Amino acid sequence: MHPVNRDPILLTPGPLTTSLHTKTAMLRDWGSWDASFNAITAQIRARLLAIVNGHDSHVCVPMQGSGTFSIEAAVHTLLPRDGHMLVLINGAYGKRMARMVAMMGRRVSVFETGEERPIAARDVERLLRADPSISHVGLIHCETSTGILNPLAAIAAVVAAEGRALIVDAMSSFGALPIDAREIPFDALIAASGKCIEGPPGMGFVLVRKSALEGSAGNSQSLSLDLHEQWSYMEQTTQWRFTPPTHVVAGFHAALEQFVAEGGQPARLARYTGNYQALMAGTAQLGLAPFLDAAVQAPIIVTLHAPADARYSFTDFYARVRDKGFILYPGKLTRAETFRVGCIGAIGAQDMRLAVHAMGDALREMGLSAPPGA
């Protein structure tokens, strides 16, 4: 059960609806050098590693900024200047990673499939065997532009067998979908505070193989996004290298406490799955079809086809649903008119059912008919 929240419910992939306890944790001011704040940082780092059972092999390096800052820091630091990265793409965030690598002046190759098709491990194996110069592989675990789930375990096994390093954007999956560092080999796995842990936005973190990080000094050409320097300074002083987002860190710490109390990753996945099932049942009654096949859909964010009616406008639809207390997310596809609904955040299945009612009311107000009984 979650406390009543009078703010609009955010059905987005982050920022998302947070609990009252998480909001309250951000009401205190913290000194960034104070021992009590440094203790919070240490607890966060330990708990994040525990989620993936990574204490024996990996370290956690938190970073200021959005999740993209942390992805850029990880790639900038772990990919040597003479390295070659293969980026696997089936959505907008894979394209963003490839652009990031190119802008760094590093060598990059891409493998792109359709937005409705997961990356296949056999394709990765074929590409790696064909080009021994590829040193790193970049993968989006759950591609937020559609909600599609890529087979992390199978791809990680192939990358490891071929002797390459894997960098995983787990922005939308970490904390909800099972990832175990003892079973899935990766050099870096990146996520952020405002996703499935249900904290406020404003900080990211990298779970990075310690041996890879130790050998990465001097790779980064960025001062603020040097993951090795951030880690070294934090290890030496327990402090953040530059001014930390103290209120965000405190809110995230509170969110992690609630994550553990709820039952951790299995419980979080169960609640999100319930939200997803409520959404699918309701939108089917409204005649709104999902973009992805259910077999490749993660219960994180769902892309829905917009009504095929000239009177439909997402801007109008969004505003009407927002006025009823729910914030939707625009589509990110170029070849289809869609919108997205997030299943994550401090919400339950009843909240999702109410959101579906709001969507149905909005469609009727727009003159778009819905099936009887919706």
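Mentor: The discussion below takes the sheet, then one of its strands, then the cysteines. Please keep in mind that this is a predicted model.

Trainee: What is the strand order of the open sheet, and how is its pairing described?

Mentor: In general, strands of a sheet pair through backbone hydrogen bonds, either parallel or antiparallel. Here seven strands form an open sheet in the order S2-S10-S9-S8-S5-S3-S4, and the pairing is mixed. Strand S2 (58-64) and strand S4 (107-112) are the edge strands, each pairing on one side only. From one strand to the next, the twist averages 20 degrees.

Trainee: Which helix packs on the sheet, and which strands does it touch?

Mentor: Helix H4 (residues 92-103) packs there, with contacts to S3, S4, S5 and S8. The direction of H4 makes about 160 degrees with that of S3.

Trainee: Where may I see parallel and antiparallel pairing?

Mentor: Consider S5 for the parallel case. Strand S3 (residues 84-89) runs parallel to S5 and is joined to it by three bridges; within this pair, Leu-86 stands opposite Val-137. For the antiparallel case, turn to strand S9 (residues 188-192) and strand S10 (residues 203-209), which are joined by five bridges. There, Ala-191 has Phe-205 in S10 as its bridge partner.

Trainee: Why is strand S5 described as largely enclosed by the rest of the structure?

Mentor: Burial is judged by relative accessible area, and a residue is buried when that value is under 20%. Five of the five residues of S5 (residues 136-140) are buried, so the strand is largely enclosed by the rest of the structure.

Trainee: How many disulfides does a search of the whole structure find?

Mentor: The test is whether two cysteine sulfur atoms lie within 2.5 Å of each other. A search of the whole structure finds zero disulfides. For Cys-196, the nearest cysteine sulfur is that of Cys-142, 8.0 Å away. For Cys-343, the nearest is again that of Cys-142, at 10 Å.

Trainee: Are Cys-196 and Cys-343 buried or exposed?

Mentor: Cys-196 is buried, with a relative accessible area of 1%. Cys-343 is buried as well, with a value of 0%.

Methods: Residues numbered from 1 in each chain as written. Predicted model: local features only at pLDDT ≥ 70, side-chain atom pairs only at ≥ 80, totals over all residues. Heavy atoms only, no water. Buried < 20%, exposed > 50% of the residue type's maximum accessible area, 1.4 Å probe, protein only. Helix = DSSP H or I, 4+ residues; strand = E, 2+ residues; numbered from the N terminus. Pairing = 2+ DSSP bridges. Axes fitted to C-alpha atoms, helices over the stretch in contact; angles between N-to-C directions. Contact = heavy atoms within 4.5 Å.
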